[in-house]
Amino acid sequence: RPAAHCAGAPRVENRASAVETTALERASRRVDPNPRGSARVLLDRPIIAAMRGTILGGLVLLMACGGETQKAVETPKVAPPPSATVEAPDAAPAASATPPAAPPFDAFTAARTIMEGFNRQDSMKYGGAYTADAVLAIAGSPDYKGAQIVAEHQRLIEAFPDTRMNGFRLLSVGNKDGDGGLAVLEWVLSATQQSDWMGVKPARKGVGVRGVSVMWLAGDGTIKNEHRYYDVANMLGQVGGLPGKWRAIPMIPAQMKSVPATGAASESANVDTVKKMLASLEAKKEADFLGAQNDSVELDDLTRSESYLTIADTKKMYDAWTKSFTDLKIAITNAWGFGDFVAIEMVVTGKQTGAFDGYLASGKALSLHKVGVYQMKDGKVFKGWTYGNGLEMRVQMGTFKMPPMTPLKTPGK
């Protein structure tokens, strides 16, 4: 700066010089964003030479003023705009002001990799979510192991090349002793049938279904075992392969809610409440079954065409199971608590001796694999969703025969 601007000196301005300098800087300045988002000023070589004398003169004046310096002005960081919030299916009640803890990174990564594999129709990306010896068990289907998991995914997206899949709730337990923990991912899948599938010729009809994946993770976050539940019968009915009334195609959620386990005593208490409710169904104790439910309960068996929305409606579900099956048993194979949520894996067995879900008594012994996800409120069941494969029941009843499947194309063979 000019010597006249030093402390204690009278201020004298050379307006012509100031205008020329400002114009020179504007003419020579080019702003190039660097990777961190701040600005870097570049000066052209000829202008640098022209300004060298001015810069040197400025240094002399600076020293004459006692070495005063000015701090660089930091470019303010602007936060990105918030993402749009889309209410997930069966939204939970208003959450508290305290945000939930972040999910274990490996659980989120595993879920995201699976969804990207579907959304990009990329079987190799999808396969990268699994260990080399992983096992995928789909309710009502044979198990898929290792490379067969990728082949099964490829077979599905060949029939539905525009498949979209997004999760809407991720329940998770973090790493323990080098293990990757466990994740329960609830998701929605939608697509359009564009080639032969399950014996049905393509008519470019849309399908959509809600499902759940229970995933055990390795220490590196890849999936070593997955149990997947979704209603293939509903998808088959949507494309005209089965008669009857079927659920509408659900909307793909735009946001996934994370609910990590906290280890609180209330989580164990919630698990016990749900276990007792299911035990009362098996024991045919109606009062105990209904007493475990909140007055505003909503239960939804996603293998059936209708939801149960009130205590009076859930009694209908109780009657359907207890009056249509003899020797009804509910074997709980796994149970976990995640905050206000409970996830239960179970096998329901019994002999169908009465009409059930529109089907006459078959007299057959059934074994049905299901997962229930329950939301608790004030120590009682507030909402519940039961996932399974309605085709599993129909095959065992003898009302549906599985068609020949397109052979799996195992990668590398």
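Arg-304 counts as buried at 12% relative accessibility, buried here meaning under 20% relative accessible area, exposed over 50%, and partly exposed in between (1.4 Å probe, protein chains only). The model is a predicted one, with local features needing pLDDT of at least 70 and side-chain atom pairs counting only at pLDDT 80 or more, while totals for chains, interfaces and linings use all residues. Residues are numbered from 1 along each chain as its sequence is written, and side-chain values use heavy atoms, with hydrogens and water left out.

What does Arg-304 pair with? Its salt-bridge partner is Asp-357, with 3.3 Å between the closest N and O atoms; a salt bridge is taken as a side-chain nitrogen of Lys or Arg within 4 Å of a carboxyl oxygen of Asp or Glu. This pair ties together distant parts of the chain, 53 residues apart: Arg-304 sits in the loop between β10 (293-301) and α9 (311-324), Asp-357 in the loop between β12 (341-352) and β13 (365-377). Helices (H or I, at least four residues) and strands (E, at least two) are DSSP runs, numbered from the N terminus. Asp-357 is partly exposed, at 24% relative accessibility.

A search of the whole structure turns up 10 salt bridges. One of them joins Arg-155 to Glu-152 at 2.6 Å, N to O. Both residues belong to helix α5 (residues 147-159), three residues apart, or about one turn of the helix. Arg-155 is buried at 15% relative accessible area, and Glu-152 is buried at 14%.

Helix α9 holds Asp-313 and Lys-316, again three residues apart, and their salt bridge has its closest N and O atoms 3.6 Å apart. Lys-316 is exposed, with a relative accessible area of 54%. Elsewhere, salt bridges with shared partners link Glu-286, Lys-315 and Asp-319 into one network.
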